[in-house]
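Hi everyone, thanks for coming. Today I'd like to walk you through the aromatic rings in this one.

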Amino acid sequence: MSMRIQTFETILIFTDKLTEEEYIYQTNKYKDILAGLPGAKIKSDRLGKKKLAYKVRGCDYGWYTCLLYTSDAADDRIS
C-alpha cells in the first residue's frame, strides 16, 4: 500500500445576511472539519463580501472563502 498526497480546493459562499463575525465563525467551523483529515494542511483565503453572478434566493451578494487543502490518501491500487 502506498501513500499519495491529494490536493483539493473548495469555494464556500455564505449568505450576505451573516455578520462578519458569523462569517468568520462559519469559515473556521469548516476548517476544523477539514483539519480532521489525515495529514491535512489547510490554507484559507477569506475573500469577503462580493457580488454574486446572479441572484440566489433573493441575495445579490455573498461572503466568499477559498479553502485549499491537502490530505494523505492510502491507495491500494498503487504498488
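**Rings and their partners**

Let's start with Trp63, which counts as buried at 10% relative accessibility; buried means under 20% relative accessible area, exposed over 50%, and partly exposed in between, with a 1.4 Å probe and protein chains only. A word on the source: this is a predicted model, where local features need pLDDT of at least 70, side-chain atom pairs count only at pLDDT 80 or more, and totals for chains, interfaces and linings use all residues. Residues are numbered from 1 along each chain as its sequence is written, and side-chain values use heavy atoms, with hydrogens and water left out.

Rings of Phe, Tyr and Trp (its six-membered ring) pair if their centres lie within 6.5 Å; planes under 30 degrees apart are stacked, over 60 edge-to-face, the rest tilted.

One of them is Phe14 with Tyr30, tilted, at 6.0 Å centre to centre and 50 degrees between the planes. That pair links distant parts of the chain, with Phe14 in strand β1 and Tyr30 in helix α1, 16 residues apart. Helices (H or I, at least four residues) and strands (E, at least two) are DSSP runs, numbered from the N terminus. Phe14 is buried at 12%, while Tyr30 is partly exposed at 34%.

Back to Trp63: its ring centre is 4.5 Å from that of Tyr23, and the planes are at 25 degrees, so this pair is stacked. Tyr23 sits in helix α1 and Trp63 in strand β3, 40 residues apart. Tyr23 is buried too, at 3%.

Ring pairs join Phe14, Tyr23, Tyr30 and Trp63 into a cluster.
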